[in-house]
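Thanks for coming. Please have the sequence and the model open.

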Amino acid sequence: MTSLHYVYGIVPATAAAPVAAASLRGLDSSIVRAVAEGPLAAAVSEVDAADYDEAVLNERVRDLDWLTPRAAAHQRVNVRLLEIAEAVLPLSFGALYRDEARVRELLREDVGGRQTRLDTVAGRAEWVVTVTREADAVPGADEDHASLDREIEKSPPGRSYLLEKQRSRVASAATERADAEAARRAHDVLRDASERVYREPVAKGGDVVVLRLSLLARRSETGALERVIAALGDELGAQGYHVRANGPWPAYRFGSLA
């Protein structure tokens, strides 16, 4: 079998022996080992080039049935690296190198910068928090909105049509204000509860995503952060919003090499 070297993440070289001893399994149950070069080490496993060559991989990543278990395996390895090394720079799915020499070249690139990034994420993890509302919800509805509803009920068809259009404009403006305020409130609360935040872009469709944030926080403060998120969920839940969080994860947003 012709093999390729798949890289999951970079850790301090001092973690190479513990990584090797952890008996980690990666993509397609391949054995994960550590390749150390200078002060850094890469967690790698060998995969079949017939399945992971660039042309094949570009096609297969479109197949969710194929991609999902492998992306999950990639994530599991990086989660264990975080537990073992206390700091990991995770690579995105699909980081493939022809041989170990190429992996060592990777480890010789920007050594100082990568050590600084490892120091930045050491003992820390990432959470992703999303604030949503149902697409047809009107969280900002107020007395003006209610007054229009009452007037529409007792108006003749022509006037009722015009009032419906006015009501739509009032509802849209009210919802926009409420969404902006909910996003501001969530951002402020979560910023104060973590070391760094990054506002993620959001896609349209389904429920409205008011805010999605990636947070970097100390793993030792996991309980406190979870309580803050729960309290925020209660506060915004009373206004018609849903707050969901997942983590702790390796710092993909704040430490990833892409």
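The buried residues of helix α9 are Thr222, Leu225, Ile229, Leu232, Gly233 and Leu236. Buried here means under 20% relative accessible area, exposed means over 50%, and partly exposed is in between, with a 1.4 Å probe and protein chains only. The arc is taken from the directions from the helix axis to the C-beta atoms. An α-helix has 3.6 residues a turn, so residues three or four places apart point the same way. On the face turned away from the buried side, α9 carries the exposed residues Arg227 and Asp234.

Two notes on conventions. This is a predicted model, in which local features need pLDDT of at least 70 and side-chain atom pairs count only at pLDDT 80 or more, while totals for chains, interfaces and linings use all residues. Residues are numbered from 1 along each chain as its sequence is written, and side-chain values use heavy atoms, with hydrogens and water left out.

Back to α9. It runs over residues 222–237, 16 residues in total, and reaches 22 Å from its first C-alpha to its last, close to the 22 Å expected at 1.5 Å a residue. That expected span is 1.5 Å times one less than the number of residues. Helices are DSSP runs of H or I with at least four residues, strands are runs of E with at least two, and both are numbered from the N terminus.

Leu225 counts as buried, at 2% relative accessibility. What does Leu225 touch, leaving aside its neighbours within four places in sequence? Its contacts are Trp127, Ala193, Leu215 and Ala217, where contact means heavy atoms within 4.5 Å. Leu225 and Trp127 are 98 residues apart in sequence, with 9.5 Å from C-alpha to C-alpha.

A nonpolar core is a set of buried Ala, Val, Leu, Ile, Met, Phe, Trp, Tyr and Cys residues joined through side-chain atoms within 4.5 Å. The largest one has 45 residues, and Leu81, Val131 and Leu236 touch the most other members. Its largest share, seven residues, comes from α4. Apart from this core lies another, of 18 residues, including Ile10, Leu89, Leu91 and Leu118. In soluble globular proteins, nonpolar side chains tend to be buried together.

Leu118 also belongs to α6, whose buried residues are Arg114, Leu118 and Val121. They are on the same side of α6, because their arc around the axis is only 75°. Among the elements covering them are β1 (3–12), β3 (40–48) and α5. After α6 comes Gly123, with a positive phi near 75°.

Now the rings. Rings of Phe, Tyr and Trp (its six-membered ring) pair if their centres lie within 6.5 Å; planes under 30 degrees apart count as stacked, over 60 as edge-to-face, and the rest as tilted. The count by this rule is three aromatic pairs. Tyr52 and Trp66 make a tilted pair, 5.6 Å centre to centre with 50° between the planes. The pair links distant parts of the chain, since Tyr52 is in helix α2 (residues 49–52) and Trp66 in helix α4 (residues 64–85), 14 residues apart. Tyr52 is buried at 0% relative accessible area, and Trp66 is buried at 9%. Tyr6, Tyr8 and Phe93 form one aromatic cluster.

Last, the backbone. Which residues does a cis peptide bond join? They are Gly247 and Pro248, with omega about 5°, and Pro248 lies in strand β9 (residues 242–249). Ser29 has a positive phi of about 65° although it is not a glycine; its place is the loop between α1 (16–21) and β2 (33–37). Asp110, also not a glycine, has a positive phi of about 45° and lies in the loop between α5 (100–108) and α6 (111–121). Most residues other than glycine have a negative phi, and most peptide bonds are trans.

For the chain as a whole, there are ten helices and nine strands, and 40% of the 258 residues count as buried.
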